[in-house]
Amino acid sequence: MTTGKARTRKGEKVFVIGVGMTKFEKPGRREDWDYPDMAFESGTAALADAGIAYDQVEGAYVGYVYGESTAGQRAVYQLGLTGVPVVNVNNNCSTGSTALFLAAQQIRGGLADCVLALGFEKMQPGSLGATFTDRAQPMEKHLEALDALYDLAFPVAPWMFGAAGREHMKLYGTTAEQFAKIGEKNHRHSVNNPNSQFRDEYSLDDVLAAKMIYDPLTKLQCSPTSDGSAAAILASEDFVDRHGLAGRAVEIVGQSLTTDFQSTYDGTAKNIVGFDMSKQAAQRVYDQSGLGPDDFQVVELHDCFSANELLTYEALGLCAEGEGGKLVDLGETTYGGKWVVNPSGGLISKGHPLGATGLAQCAELTWQLRGDADKRQVDGVAAALQHNIGLGGAAVVTAYQRAVR
(Lines give C-alpha, C1' and ligand atoms only; values in the text may rest on other atoms or scores of the structure.)
Protein backbone atom coordinates (compact mmCIF):
# COMPACT_ATOMS: atom_id res chain seq x y z
CA MET A 1 0.00 0.00 0.00
CA THR A 2 1.34 3.45 -0.89
CA THR A 3 1.38 6.31 1.59
CA GLY A 4 0.35 8.97 -0.90
CA LYS A 5 3.85 10.47 -1.13
CA ALA A 6 5.30 11.35 -4.51
CA ARG A 7 7.15 8.42 -6.07
CA THR A 8 9.96 8.29 -8.59
CA ARG A 9 8.49 5.10 -10.03
CA LYS A 10 5.02 5.97 -11.26
CA GLY A 11 3.87 2.51 -12.33
CA GLU A 12 1.19 1.97 -14.97
CA LYS A 13 -0.74 4.87 -16.42
CA VAL A 14 -4.37 5.20 -15.29
CA PHE A 15 -7.19 6.46 -17.50
CA VAL A 16 -10.83 7.36 -16.90
CA ILE A 17 -12.70 5.75 -19.79
CA GLY A 18 -16.31 6.14 -18.67
CA VAL A 19 -18.31 8.24 -16.21
CA GLY A 20 -21.94 8.48 -15.21
CA MET A 21 -24.09 10.02 -12.53
CA THR A 22 -27.69 10.44 -11.50
CA LYS A 23 -29.38 13.71 -10.88
CA PHE A 24 -28.84 14.61 -7.24
CA GLU A 25 -32.11 14.91 -5.35
CA LYS A 26 -33.50 16.05 -2.03
CA PRO A 27 -33.72 12.95 0.21
CA GLY A 28 -36.94 11.06 -0.38
CA ARG A 29 -38.07 13.23 -3.28
CA ARG A 30 -38.15 10.30 -5.71
CA GLU A 31 -40.38 7.59 -4.28
CA ASP A 32 -39.09 4.02 -4.49
CA TRP A 33 -35.63 5.26 -5.53
CA ASP A 34 -33.36 3.10 -3.40
CA TYR A 35 -29.58 2.95 -3.51
CA PRO A 36 -29.45 -0.10 -5.85
CA ASP A 37 -31.54 1.90 -8.33
CA MET A 38 -29.18 4.85 -8.03
CA ALA A 39 -26.12 2.63 -8.53
CA PHE A 40 -27.67 0.92 -11.52
CA GLU A 41 -28.39 4.29 -13.11
CA SER A 42 -24.88 5.72 -12.64
CA GLY A 43 -23.08 2.43 -13.30
CA THR A 44 -25.00 1.73 -16.50
CA ALA A 45 -24.28 5.25 -17.71
CA ALA A 46 -20.55 4.85 -17.01
CA LEU A 47 -20.42 1.51 -18.85
CA ALA A 48 -22.27 2.97 -21.82
CA ASP A 49 -19.93 5.97 -21.82
CA ALA A 50 -16.93 3.63 -21.93
CA GLY A 51 -18.57 1.37 -24.49
CA ILE A 52 -17.82 -1.79 -22.54
CA ALA A 53 -19.80 -4.54 -20.82
CA TYR A 54 -19.76 -5.15 -17.07
CA ASP A 55 -18.06 -8.53 -17.53
CA GLN A 56 -14.93 -6.66 -18.63
CA VAL A 57 -14.67 -5.01 -15.20
CA GLU A 58 -12.20 -6.85 -12.95
CA GLY A 59 -13.13 -5.30 -9.61
CA ALA A 60 -15.21 -2.63 -7.93
CA TYR A 61 -14.67 -0.15 -5.10
CA VAL A 62 -18.03 1.06 -3.87
CA GLY A 63 -18.37 4.00 -1.50
CA TYR A 64 -21.16 5.00 0.87
CA VAL A 65 -21.28 6.49 4.38
CA TYR A 66 -24.76 5.59 5.63
CA GLY A 67 -25.72 1.98 5.05
CA GLU A 68 -25.40 -1.64 6.07
CA SER A 69 -22.36 -3.86 5.52
CA THR A 70 -21.88 -5.11 1.95
CA ALA A 71 -24.33 -2.59 0.54
CA GLY A 72 -21.69 -2.12 -2.15
CA GLN A 73 -22.29 -5.67 -3.34
CA ARG A 74 -26.04 -5.17 -3.32
CA ALA A 75 -25.55 -2.05 -5.41
CA VAL A 76 -23.28 -3.42 -8.15
CA TYR A 77 -25.08 -6.77 -8.38
CA GLN A 78 -27.62 -4.73 -10.31
CA LEU A 79 -24.98 -4.44 -13.04
CA GLY A 80 -24.09 -8.12 -13.12
CA LEU A 81 -23.13 -11.17 -11.08
CA THR A 82 -19.60 -11.85 -12.32
CA GLY A 83 -17.82 -12.82 -9.11
CA VAL A 84 -15.37 -9.91 -9.18
CA PRO A 85 -13.93 -8.53 -5.93
CA VAL A 86 -16.09 -5.79 -4.43
CA VAL A 87 -14.67 -3.60 -1.67
CA ASN A 88 -16.86 -1.30 0.44
CA VAL A 89 -15.35 2.13 1.16
CA ASN A 90 -16.23 4.70 3.84
CA ASN A 91 -14.11 7.84 4.32
CA ASN A 92 -16.76 10.36 5.34
CA CYS A 93 -17.33 13.09 2.73
CA SER A 94 -14.28 11.99 0.69
CA THR A 95 -15.64 8.46 0.25
CA GLY A 96 -16.22 8.70 -3.51
CA SER A 97 -12.75 10.00 -4.30
CA THR A 98 -11.22 7.42 -1.94
CA ALA A 99 -12.93 4.71 -4.00
CA LEU A 100 -11.44 6.37 -7.08
CA PHE A 101 -7.99 6.42 -5.43
CA LEU A 102 -8.18 2.71 -4.58
CA ALA A 103 -9.38 1.76 -8.06
CA ALA A 104 -6.50 3.76 -9.56
CA GLN A 105 -4.02 1.93 -7.33
CA GLN A 106 -5.18 -1.37 -8.79
CA ILE A 107 -4.47 -0.14 -12.30
CA ARG A 108 -1.24 1.64 -11.41
CA GLY A 109 0.08 -1.43 -9.65
CA GLY A 110 -0.60 -3.65 -12.65
CA LEU A 111 -3.11 -5.75 -10.71
CA ALA A 112 -6.05 -5.08 -13.06
CA ASP A 113 -6.81 -3.53 -16.44
CA CYS A 114 -10.36 -2.28 -15.81
CA VAL A 115 -11.87 -1.29 -12.43
CA LEU A 116 -15.12 0.36 -11.41
CA ALA A 117 -15.33 3.08 -8.74
CA LEU A 118 -18.90 3.79 -7.70
CA GLY A 119 -20.45 5.85 -4.92
CA PHE A 120 -23.97 6.40 -3.68
CA GLU A 121 -25.86 7.80 -0.74
CA LYS A 122 -29.42 7.58 0.50
CA MET A 123 -29.62 10.21 3.21
CA GLN A 124 -32.03 11.41 5.84
CA PRO A 125 -33.36 14.98 5.61
CA GLY A 126 -31.80 17.60 7.86
CA SER A 127 -28.37 18.09 9.39
CA LEU A 128 -25.94 15.22 9.78
CA GLY A 129 -25.79 13.46 13.13
CA ALA A 130 -24.15 10.48 14.81
CA THR A 131 -25.54 7.03 13.99
CA PHE A 132 -23.87 5.09 16.81
CA THR A 133 -23.92 6.84 20.17
CA ASP A 134 -22.64 4.00 22.37
CA ARG A 135 -18.97 4.27 21.32
CA ALA A 136 -16.17 6.76 20.72
CA GLN A 137 -16.93 9.25 17.97
CA PRO A 138 -14.28 9.46 15.24
CA MET A 139 -14.07 13.25 15.42
CA GLU A 140 -14.27 13.73 19.17
CA LYS A 141 -10.65 14.94 19.35
CA HIS A 142 -11.30 17.42 16.53
CA LEU A 143 -14.41 18.70 18.29
CA GLU A 144 -12.61 19.08 21.62
CA ALA A 145 -9.79 21.02 19.97
CA LEU A 146 -12.17 23.35 18.14
CA ASP A 147 -14.38 23.83 21.21
CA ALA A 148 -11.31 25.25 22.96
CA LEU A 149 -11.22 27.96 20.26
CA TYR A 150 -14.91 28.54 19.47
CA ASP A 151 -17.78 27.46 21.72
CA LEU A 152 -19.53 24.35 20.42
CA ALA A 153 -22.67 25.01 18.40
CA PHE A 154 -25.17 22.87 16.54
CA PRO A 155 -25.41 21.69 13.83
CA VAL A 156 -21.78 20.67 14.20
CA ALA A 157 -20.62 20.76 10.57
CA PRO A 158 -21.46 24.44 9.86
CA TRP A 159 -20.02 25.34 13.25
CA MET A 160 -16.70 23.70 12.36
CA PHE A 161 -16.32 25.31 8.96
CA GLY A 162 -17.92 28.55 10.08
CA ALA A 163 -15.39 28.78 12.90
CA ALA A 164 -12.59 28.42 10.35
CA GLY A 165 -14.25 31.21 8.39
CA ARG A 166 -14.38 33.43 11.47
CA GLU A 167 -10.72 32.75 12.11
CA HIS A 168 -9.91 33.81 8.53
CA MET A 169 -11.93 37.01 9.00
CA LYS A 170 -10.05 37.84 12.19
CA LEU A 171 -6.60 37.14 10.72
CA TYR A 172 -7.00 38.57 7.24
CA GLY A 173 -10.00 40.89 7.23
CA THR A 174 -12.08 38.58 5.05
CA THR A 175 -15.72 39.70 4.92
CA ALA A 176 -19.08 37.97 5.11
CA GLU A 177 -19.79 39.34 1.64
CA GLN A 178 -16.75 37.55 0.19
CA PHE A 179 -17.99 34.23 1.55
CA ALA A 180 -21.47 34.99 0.23
CA LYS A 181 -20.08 35.69 -3.24
CA ILE A 182 -18.94 32.05 -3.36
CA GLY A 183 -22.47 30.85 -2.63
CA GLU A 184 -23.84 33.21 -5.31
CA LYS A 185 -21.29 31.89 -7.84
CA ASN A 186 -21.99 28.23 -7.25
CA HIS A 187 -25.76 28.62 -7.42
CA ARG A 188 -25.31 30.57 -10.65
CA HIS A 189 -23.11 27.84 -12.11
CA SER A 190 -25.65 25.12 -11.29
CA VAL A 191 -28.34 26.73 -13.43
CA ASN A 192 -26.66 25.01 -16.40
CA ASN A 193 -26.29 21.59 -14.74
CA PRO A 194 -29.24 19.24 -15.34
CA ASN A 195 -27.87 16.89 -12.65
CA SER A 196 -27.89 19.57 -9.95
CA GLN A 197 -30.21 19.34 -6.96
CA PHE A 198 -30.81 23.09 -7.12
CA ARG A 199 -30.95 25.13 -10.32
CA ASP A 200 -32.08 28.49 -8.99
CA GLU A 201 -29.98 31.61 -9.34
CA TYR A 202 -29.72 33.99 -6.37
CA SER A 203 -28.40 37.51 -6.05
CA LEU A 204 -25.66 38.35 -3.57
CA ASP A 205 -28.29 40.10 -1.46
CA ASP A 206 -30.39 36.92 -1.49
CA VAL A 207 -27.45 34.88 -0.23
CA LEU A 208 -26.63 37.37 2.51
CA ALA A 209 -30.29 37.64 3.60
CA ALA A 210 -30.91 33.88 3.78
CA LYS A 211 -31.35 32.19 7.15
CA MET A 212 -28.19 32.37 9.25
CA ILE A 213 -26.92 28.88 10.10
CA TYR A 214 -23.66 29.81 11.84
CA ASP A 215 -22.33 33.31 11.27
CA PRO A 216 -21.05 34.08 8.63
CA LEU A 217 -22.65 31.09 6.87
CA THR A 218 -26.21 31.52 5.65
CA LYS A 219 -28.29 28.65 4.32
CA LEU A 220 -27.41 29.43 0.70
CA GLN A 221 -23.73 28.91 1.55
CA CYS A 222 -24.24 25.40 2.96
CA SER A 223 -24.39 22.11 1.08
CA PRO A 224 -27.63 20.14 1.50
CA THR A 225 -28.20 16.48 2.27
CA SER A 226 -28.83 14.62 -0.98
CA ASP A 227 -29.63 11.29 -2.59
CA GLY A 228 -27.70 10.18 -5.64
CA SER A 229 -24.92 8.17 -7.21
CA ALA A 230 -21.92 8.59 -9.51
CA ALA A 231 -19.47 6.19 -11.12
CA ALA A 232 -16.19 6.09 -13.03
CA ILE A 233 -14.50 3.29 -14.93
CA LEU A 234 -10.70 3.27 -14.86
CA ALA A 235 -8.45 1.37 -17.25
CA SER A 236 -4.82 0.70 -18.04
CA GLU A 237 -3.04 2.02 -21.10
CA ASP A 238 -3.09 -1.45 -22.65
CA PHE A 239 -6.87 -1.71 -22.17
CA VAL A 240 -7.36 1.74 -23.71
CA ASP A 241 -5.25 0.83 -26.73
CA ARG A 242 -6.85 -2.59 -27.26
CA HIS A 243 -10.34 -1.12 -27.21
CA GLY A 244 -9.60 2.04 -29.20
CA LEU A 245 -10.61 4.38 -26.37
CA ALA A 246 -7.81 6.95 -26.53
CA GLY A 247 -10.00 9.57 -28.20
CA ARG A 248 -12.19 9.99 -25.10
CA ALA A 249 -9.88 8.75 -22.34
CA VAL A 250 -8.72 11.11 -19.59
CA GLU A 251 -5.49 10.35 -17.74
CA ILE A 252 -5.05 10.64 -13.97
CA VAL A 253 -1.61 12.27 -13.93
CA GLY A 254 -1.36 12.82 -10.18
CA GLN A 255 -3.27 11.63 -7.13
CA SER A 256 -2.75 11.70 -3.38
CA LEU A 257 -4.73 10.76 -0.31
CA THR A 258 -3.62 12.24 3.00
CA THR A 259 -4.97 11.91 6.52
CA ASP A 260 -4.52 14.12 9.58
CA PHE A 261 -1.08 15.37 10.60
CA GLN A 262 0.21 16.57 13.96
CA SER A 263 -0.48 20.06 12.62
CA THR A 264 -4.23 19.27 12.73
CA TYR A 265 -4.04 20.11 16.42
CA ASP A 266 -1.77 23.15 16.19
CA GLY A 267 -4.39 25.47 17.67
CA THR A 268 -5.89 26.73 14.41
CA ALA A 269 -9.45 26.15 13.27
CA LYS A 270 -8.38 25.86 9.62
CA ASN A 271 -6.22 22.79 10.26
CA ILE A 272 -8.91 21.12 12.37
CA VAL A 273 -11.13 21.27 9.27
CA GLY A 274 -8.40 19.87 7.02
CA PHE A 275 -6.45 22.77 5.53
CA ASP A 276 -3.07 21.11 6.02
CA MET A 277 -4.33 17.75 4.71
CA SER A 278 -5.50 19.49 1.55
CA LYS A 279 -2.33 21.55 1.17
CA GLN A 280 -0.01 18.56 1.49
CA ALA A 281 -2.13 16.36 -0.79
CA ALA A 282 -2.09 19.09 -3.43
CA GLN A 283 1.66 19.54 -3.23
CA ARG A 284 2.20 15.81 -3.70
CA VAL A 285 -0.01 15.87 -6.79
CA TYR A 286 1.93 18.82 -8.20
CA ASP A 287 5.18 16.92 -7.59
CA GLN A 288 3.83 13.77 -9.26
CA SER A 289 2.31 15.45 -12.29
CA GLY A 290 4.81 18.24 -12.93
CA LEU A 291 1.84 20.62 -13.01
CA GLY A 292 1.18 23.59 -10.78
CA PRO A 293 -1.89 25.67 -9.93
CA ASP A 294 -1.42 27.89 -12.98
CA ASP A 295 -1.59 24.88 -15.33
CA PHE A 296 -5.24 24.11 -14.56
CA GLN A 297 -8.21 25.84 -16.12
CA VAL A 298 -11.01 24.14 -14.17
CA VAL A 299 -11.27 22.95 -10.56
CA GLU A 300 -13.92 20.96 -8.74
CA LEU A 301 -13.31 21.39 -5.01
CA HIS A 302 -15.04 20.54 -1.76
CA ASP A 303 -17.31 23.51 -1.04
CA CYS A 304 -19.34 21.86 1.70
CA PHE A 305 -19.58 25.44 2.97
CA SER A 306 -18.46 28.65 1.30
CA ALA A 307 -15.81 29.14 3.98
CA ASN A 308 -14.16 25.88 2.97
CA GLU A 309 -14.08 26.86 -0.70
CA LEU A 310 -12.21 30.03 0.19
CA LEU A 311 -9.79 28.17 2.45
CA THR A 312 -9.22 25.58 -0.26
CA TYR A 313 -8.19 28.25 -2.79
CA GLU A 314 -5.26 28.87 -0.47
CA ALA A 315 -4.57 25.21 0.34
CA LEU A 316 -4.37 24.39 -3.38
CA GLY A 317 -2.06 27.32 -4.02
CA LEU A 318 -4.43 29.30 -6.23
CA CYS A 319 -3.39 32.25 -4.09
CA ALA A 320 -1.28 32.94 -1.02
CA GLU A 321 -2.68 32.34 2.45
CA GLY A 322 -4.93 35.20 3.45
CA GLU A 323 -5.70 36.22 -0.15
CA GLY A 324 -8.74 34.04 -0.82
CA GLY A 325 -11.11 36.97 -0.36
CA LYS A 326 -9.17 39.02 -2.88
CA LEU A 327 -9.39 36.18 -5.39
CA VAL A 328 -13.17 36.20 -4.99
CA ASP A 329 -13.47 39.96 -5.42
CA LEU A 330 -11.38 39.84 -8.60
CA GLY A 331 -13.71 37.24 -10.13
CA GLU A 332 -10.84 34.84 -10.72
CA THR A 333 -12.81 31.70 -9.87
CA THR A 334 -15.68 31.93 -12.33
CA TYR A 335 -16.13 32.20 -16.09
CA GLY A 336 -13.83 34.89 -17.45
CA GLY A 337 -11.41 34.47 -14.54
CA LYS A 338 -8.17 32.54 -14.24
CA TRP A 339 -9.93 29.36 -13.14
CA VAL A 340 -13.53 28.20 -13.21
CA VAL A 341 -14.09 26.63 -9.79
CA ASN A 342 -17.07 24.31 -9.39
CA PRO A 343 -18.69 24.77 -12.81
CA SER A 344 -21.07 21.97 -11.75
CA GLY A 345 -22.48 24.15 -8.99
CA GLY A 346 -20.35 22.43 -6.38
CA LEU A 347 -21.66 20.76 -3.26
CA ILE A 348 -23.53 23.92 -2.28
CA SER A 349 -25.92 23.77 -5.23
CA LYS A 350 -25.33 20.49 -7.07
CA GLY A 351 -25.83 18.61 -3.78
CA HIS A 352 -23.75 16.40 -1.52
CA PRO A 353 -24.69 12.70 -1.33
CA LEU A 354 -21.54 11.86 0.61
CA GLY A 355 -20.47 8.64 -1.09
CA ALA A 356 -21.10 10.01 -4.58
CA THR A 357 -19.58 13.48 -4.35
CA GLY A 358 -15.98 12.64 -5.29
CA LEU A 359 -17.06 10.60 -8.28
CA ALA A 360 -19.46 13.30 -9.45
CA GLN A 361 -16.49 15.68 -9.39
CA CYS A 362 -14.56 13.18 -11.52
CA ALA A 363 -17.45 12.99 -13.97
CA GLU A 364 -17.67 16.78 -14.31
CA LEU A 365 -13.95 17.15 -14.94
CA THR A 366 -13.95 14.29 -17.45
CA TRP A 367 -16.74 16.03 -19.38
CA GLN A 368 -14.87 19.33 -19.20
CA LEU A 369 -11.66 17.79 -20.57
CA ARG A 370 -13.55 16.10 -23.40
CA GLY A 371 -15.42 19.29 -24.26
CA ASP A 372 -18.74 17.62 -23.40
CA ALA A 373 -19.95 19.94 -20.62
CA ASP A 374 -22.52 21.77 -22.78
CA LYS A 375 -23.45 25.19 -21.35
CA ARG A 376 -21.01 24.71 -18.45
CA GLN A 377 -18.05 24.16 -20.77
CA VAL A 378 -14.89 26.04 -19.81
CA ASP A 379 -12.81 27.31 -22.73
CA GLY A 380 -9.48 25.69 -23.54
CA VAL A 381 -9.39 23.02 -20.82
CA ALA A 382 -6.02 21.24 -20.94
CA ALA A 383 -5.82 20.10 -17.31
CA ALA A 384 -8.29 19.77 -14.44
CA LEU A 385 -7.91 19.55 -10.67
CA GLN A 386 -10.15 17.80 -8.13
CA HIS A 387 -10.26 18.21 -4.34
CA ASN A 388 -12.46 16.24 -1.95
CA ILE A 389 -12.21 16.17 1.84
CA GLY A 390 -13.78 14.27 4.69
CA LEU A 391 -13.19 15.21 8.31
CA GLY A 392 -11.81 12.66 10.64
CA GLY A 393 -9.96 12.78 8.21
CA ALA A 394 -9.07 12.22 4.57
CA ALA A 395 -8.25 14.59 1.72
CA VAL A 396 -7.94 13.40 -1.87
CA VAL A 397 -6.52 15.56 -4.65
CA THR A 398 -6.45 14.35 -8.26
CA ALA A 399 -5.05 15.91 -11.45
CA TYR A 400 -6.35 15.03 -14.91
CA GLN A 401 -5.29 15.60 -18.52
CA ARG A 402 -6.59 14.35 -21.86
CA ALA A 403 -4.92 11.17 -23.09
CA VAL A 404 -2.11 11.95 -25.54
CA ARG A 405 -1.67 9.71 -28.58
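**Burial and surface.** I began with burial in this predicted model, and found that buried residues make up 58% of the 405 residues in the protein chain; buried stands for under 20% relative accessible area, exposed for over 50%, and partly exposed for what lies in between, with a 1.4 Å probe and protein chains only. The chain exposes about 16,000 Å², of which carbon and sulfur atoms supply 49%, the areas coming from the Shrake-Rupley method with a 1.4 Å probe.

**Conventions.** I note that residues are numbered from 1 along each chain as its sequence is written, and that side-chain values use heavy atoms, with hydrogens and water left out. Because the model is predicted, local features need pLDDT of at least 70 and side-chain atom pairs count only at pLDDT 80 or more, while totals for chains, interfaces and linings use all residues.

**Fold and dimensions.** I looked up the secondary structure and found 14 helices and 12 strands, which are DSSP runs numbered from the N terminus (helices H or I, at least four residues; strands E, at least two). The radius of gyration is 20 Å, close to the 22 Å that the globule rule gives for 405 residues, so the chain is as compact as a globular protein of that length; the radius is taken over C-alpha atoms, and the rule is 2.2 Å times the number of residues to the power 0.38. The C-alpha trace spans about 55 × 45 × 40 Å along its principal axes. Among contacts with a separation of 6 or more, 78% come from residues 24 or more positions apart, a contact being heavy atoms within 4.5 Å.

I then compared the mean positions of the 35 positive and 49 negative charges, which are 2 Å apart; Lys and Arg count as positive, Asp and Glu as negative, and His and the chain ends are not counted. For salt bridges (a side-chain nitrogen of Lys or Arg within 4 Å of a carboxyl oxygen of Asp or Glu), the count comes to 17.

Which parts of the chain does the pair of lysine 122 and aspartate 34 tie together? The two side chains meet in a salt bridge at 3.4 Å, N to O. Lysine 122 lies in the loop between β4 (114-121) and α4 (140-147) and aspartate 34 in the loop between β1 (14-21) and α1 (35-50), so the pair ties together parts 88 residues apart in sequence. Lysine 122 is partly exposed at 41%, and aspartate 34 is partly exposed at 31%.

I next looked at lysine 270 and glutamate 321, whose closest N and O atoms are 2.7 Å apart in a salt bridge. Lysine 270 sits in helix α9 (residues 269-272) and glutamate 321 in the loop between α11 (306-315) and α12 (324-329), so this pair joins parts that are 51 residues apart in sequence. Lysine 270 counts as buried at 17% relative accessibility, whereas glutamate 321 is partly exposed at 34%.

**Helix α11.** Finally I checked how covered α11 is, and found that 10 of its 10 residues are buried, including Asn308, Glu309, Tyr313 and Glu314. Just after α11, glycine 317 takes a positive phi of about 85 degrees.

Technical notes
The place of a charge is taken as NZ of Lys, CZ of Arg, CG of Asp or CD of Glu.
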